[in-house]
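Try each task before reading its solution.

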Amino acid sequence: MEEIKKEVSIGIVACEKMMDRICLGCLKCLNSAKEGLGMFSNYEKADVLFITSCGGCPGFVVNKVGLMLREAKNYGAEIDVIHIGTCIISATKIGKCPIDVDSTKAKLEEKFKKKVVLGTHPYPP
């Protein structure tokens, strides 16, 4: 079992096609972070600082995350953990999303030296 971290600042990458279509307002992610559900259960407090889309198919996740991390720093914020949304994982399984989530996770960790977690909320798509 992973050690519970006290408080973390989080950035979430969500599927552009599902945002505001299937998951209105990303409520599942935001509620799960607030309540400590799903992949947020490893934190005492999860402070979601941004939710951004993947950039659309075929996905520009690395570029989008880089932009968001730079913008966060401009506002004096530091992101501790990046979550790849449950919606992206679902889109690769039930849709035709071309993103390889394991490869994307590895690229993000290598480039930005941040922990990357696959998944967010425990709810079905």
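The buried residues of H3 pack against E1, E3, H4 and E4, where helices (H or I, at least four residues) and strands (E, at least two) are DSSP runs numbered from the N terminus. This is a predicted model, in which local features need pLDDT of at least 70 and side-chain atom pairs count only at pLDDT 80 or more, while totals for chains, interfaces and linings use all residues. Residues are numbered from 1 along each chain as its sequence is written, and side-chain values use heavy atoms, with hydrogens and water left out.

**Exercise 1. The helix H3**

Task: find which residues of H3 are buried, and list what Thr 86 is in contact with, leaving aside its neighbours within four places in sequence.

Solution. Start with the cut-offs: buried means under 20% relative accessible area, exposed over 50%, and partly exposed in between (1.4 Å probe, protein chains only). By that test, the buried residues of H3 are Thr 86, Cys 87, Ile 88, Ile 89, Ser 90 and Ala 91. Next, take Thr 86, which is placed in helix H3. Thr 86 counts as buried because its relative accessibility is 14%. Finally, look for contacts (heavy atoms within 4.5 Å). With neighbours within four places in sequence left aside, Thr 86 is in contact with Gly 119, Thr 120, His 121 and Tyr 123.

**Exercise 2. The strands**

Task: work out which way E1 and E3 run, parallel or antiparallel, and do likewise for E3 and E4.

Solution. Two strands pair if DSSP finds at least two bridges between them. E1 and E3 run parallel and are joined by four bridges; in E3, Ile 82 is the bridge partner of Gly 11. E3 and strand E4 (residues 115-118) also run parallel, again with four bridges, and Lys 115 in E4 is the bridge partner of Val 81.

Now check the burial. E1 is mostly covered, with seven of its ten residues buried. In a regular strand the side chains alternate between the two faces of the sheet. Both faces of E3 are covered: Val 81 and His 83 are buried on one side, Ile 82 and Ile 84 on the other.

**Exercise 3. The nonpolar cores**

Task: which residues touch the most other members of the largest nonpolar core?

Solution. A nonpolar core is a set of buried Ala, Val, Leu, Ile, Met, Phe, Trp, Tyr and Cys residues joined through side-chain atoms within 4.5 Å. The largest one has 23 residues, and Val 65 and Ile 88 touch the most other members. Two or more residues of this core come from each of strand E1 (5-14), helix H2 (61-74), strand E3 (81-84), H3 and helix H4 (101-112). Not counting residues up to four places away in sequence, Val 65 touches Val 13, Ile 82, Leu 108 and Phe 112. Another core, of ten residues, lies apart from it and includes Val 8, Ala 33, Tyr 43 and Val 117.

**Exercise 4. The cavity**

Task: how many cavities of 30 Å³ or more are found in the whole structure, and which residues line the largest?

Solution. Rolling a probe the size of a water molecule over the atoms shows where empty space is left. On a 1 Å grid over the protein atoms alone, a cavity is a set of points where a 1.4 Å probe fits but cannot get out, and lining residues have an atom within 4 Å of a point. Points are joined across faces, edges and corners, and the volume is the space filled by probe spheres set on them. The search finds one cavity of 30 Å³ or more, and the largest cavity has a volume of about 100 Å³. Its lining includes Met 18, Ile 22, Cys 87, His 121 and Pro 125. Helix H1 (27-35) and helix H3 (86-94) are the elements that give two or more residues to this lining, and H3 gives the largest share, three residues.

Note on methods: 1 Å grid on protein atoms, 1.4 Å probe; cavity = no way out; pocket = protein on both sides within 12 Å on 5 of 7 lines; lining within 4 Å.
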